[in-house]
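Please keep the sequence and the model in view while reading.

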Amino acid sequence: MGTHVIKMPDIGEGIAEVELSQWHVKVGDLVVEDQVLADVMTDKAMVDIPSPVHGKVIALGGQPGEVMAVGSVLISIEVEGAGNLKESDKPAPVTAKETPVAPKVEAVVESKPAAAAAPRPAPVCQGPMVAREADERPLASPAVRKHALDLGIQLRLVRGTGPAGRVLHEDLEAYLAQGQSNASAPVAAYAQRNDEEQIQVIGMRRKIAQRMQDATQRAAHFSYVEEIDVTAIEELRAHLNEKHGASRGKLTLLPFLVRALVVALRDFPQMNARYDDEAQVITRLGAVHVGVATQSDVGLMVPVVRHAEARSLWDSAAEISRLANAARNGKASRDELSGSTITLTSLGALGGIVSTPVLNLPEVAIVGVNKIVERPMVVKGQVVIRKMMNLSSSFDHRVVDGMDAALFIQAIRGLLEQPATLFVE
């Protein structure tokens, strides 16, 4: 037996140190090649560190929240053969999947076939249920996690029979077969509680907190809310979906909003800008790269629809769908998650009546979409039922004047209420 030492890899871009965000293994665990061992956080991204070998974890090099230098010992694994303990101090190479700043990465890399020289540890099955620590994250693919969520199963209670204890679909079925889909005992409705839970703010959550605090401290936020009658554009959307949905794909409201941004920005280029407050330089961009805030299992991400000004409705719709799926599955690249010039944020049906979105610095404008509701409205002296929606948008008052912000949103309103104008050149 030998020891294989994995050092903190050189992630590139001149980064000398990273924060250890989360361990996915502990001392004594059997690991397999390509299994994710830990998450580390750079200034820009969360990176998964996979194992290049299979063996047994014998030592961890740091604690979550600790800042570690590139080249320092990350983890030691007992392996068949001599190992690499006496090799050079050059950091081990890493091929990692990256995501932008978000609370947590849920990345699972599928295992490769084991090398002949060192057989992979065989899984041990001891029944369908297992007790794990409350914060212990079992290995499972995104599809299995979604399946467990749909079934109402707490994944940490399910024993995995896959490599390194990975939970499989069959394990979920076995768990259900024993009638343990919800093993937690219910708490009496009026029982007195004195429990406390402390959650360490580290990794992506700390980075999110820092960025949000930085945005609110550096930018002079102000918000503007306008009510929009979206009855006509919803009728157009339904018509286009009925006529072309089968061949071109279904349209949501988002590509119409992207188109409205593109058209309105022609008259308000100061909204499609980035502000370098240290250099005191405003850069207005001709290209419209729309960030579309997307909620995922790992937190809020902002994939970017590049060159929205050159896209049709269906092209925008397809790109929004592709990027959203990539973000939700943790497969979006760094390039797909950076470089936006203006952001569109929506909570869909949960959009509420009014919101005050935080700017995505260094951008100077963010347009927030609230939910659509049917309300009685007075139109030409008659009370009629209309579909109404609020736009809750925020701007950087250091760059954007209040009058310009109001006119910009009014321009978007006019385009959406008279949807033919979206396509008149």
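Predicted model: local features only at pLDDT ≥ 70, side-chain atom pairs only at ≥ 80, totals over all residues.

Once neighbours within four places in sequence are set aside, the contacts of Leu-37 are Ile-6, Gln-22, Trp-23, His-24, Val-25, Val-31, Ile-49, Pro-50, Ser-51, Ile-75 and Ile-77.

Asp-34 lies in the loop between strand E3 (30-31) and E4. With a relative accessible area of 13%, Asp-34 is buried, and its phi is near 80 degrees, a positive value in a residue other than glycine.

## The chain as a whole

The protein chain contains seven helices and 19 strands, and 44% of its 425 residues count as buried. Among contacts in the chain with a separation of 6 or more, 67% are accounted for by residues 24 or more positions apart.

In soluble globular proteins, nonpolar side chains tend to be buried together. Here the largest nonpolar core has 48 residues, and those with the most contacts inside it are Val-290, Phe-395, Phe-408 and Ile-412. Which helix gives the most to this core? That is helix H5, residues 254-265, with nine residues. Apart from this core lies another, of 20 residues, which includes Trp-23, Val-31, Ile-49 and Val-53; of the contact partners of Leu-37, Trp-23, Val-31 and Ile-49 are found among the named members of that core.

Val-290, leaving aside neighbours within four places in sequence, is in contact with Val-258, Leu-261, Pro-303, Val-304, Val-305, Ala-308, Ser-340, Ile-342 and Leu-344. Val-304, which sits in strand E16 (residues 304-305), has a relative accessibility of 2% and therefore counts as buried. Val-304 and Val-290 are 14 residues apart in sequence, while their C-alpha atoms are 5.5 Å apart in space.

## Helix H5 and its two helix partners

Two packed helices are described by the angle between their axes and the distance between the axes. For H5 and helix H7 (residues 402-417), the axes come within 9 Å and cross at roughly 125 degrees, and the two helices are therefore oblique to each other. The crossing in which H5 passes H7 is right-handed. On the H5 side the contact is made by Phe-256, Leu-257, Ala-260, Leu-261, Val-263, Ala-264 and Leu-265, and on the H7 side by Phe-408, Ala-411, Ile-412, Leu-415 and Leu-416. By class, the residues of this contact are 12 nonpolar, no polar and no charged.

H5 also packs with helix H6 (residues 313-328), at an angle of about 115 degrees and with the axes 9 Å apart. This crossing, too, is right-handed. Leu-254, Pro-255, Phe-256, Val-258 and Arg-259 of H5 make the contact with Leu-313, Ser-316, Ala-317 and Ile-320 of H6, and the residues involved divide into seven nonpolar, one polar and one charged.

## His-244 in helix H4

Is His-244 buried or exposed? This residue, placed in helix H4 (residues 231-248), has a relative accessibility of 18% and so counts as buried. Not counting residues up to four places away in sequence, His-244 touches Gly-249 and Trp-314.

## Backbone details to check

Most residues other than glycine have a negative phi, and most peptide bonds are trans. Lys-380, in the loop between E18 and strand E19 (382-396), has a phi near 50 degrees, which is a positive value in a residue other than glycine. At 84% relative accessibility, Lys-380 counts as exposed, whereas Asp-34, where phi is also positive, is buried.

Which two residues are joined by a cis peptide bond? They are Leu-361 and Pro-362, with omega at about 10 degrees. Pro-362 is found in the loop between strand E17 (342-346) and strand E18 (365-379).

Technical notes:
Residues numbered from 1 in each chain as written. Heavy atoms only, no water. Contact = heavy atoms within 4.5 Å. Core = buried A, V, L, I, M, F, W, Y, C linked by side-chain atoms within 4.5 Å. Buried < 20%, exposed > 50% of the residue type's maximum accessible area, 1.4 Å probe, protein only. Helix = DSSP H or I, 4+ residues; strand = E, 2+ residues; numbered from the N terminus. Axes fitted to C-alpha atoms, helices over the stretch in contact; angles between N-to-C directions. Parallel < 35°, antiparallel > 145°, perpendicular 65-115°, else oblique. Left-handed = near helix turned anticlockwise from the far one by under 90°. Nonpolar A, V, L, I, M, F, W, Y, C, P; charged D, E, K, R; others polar.
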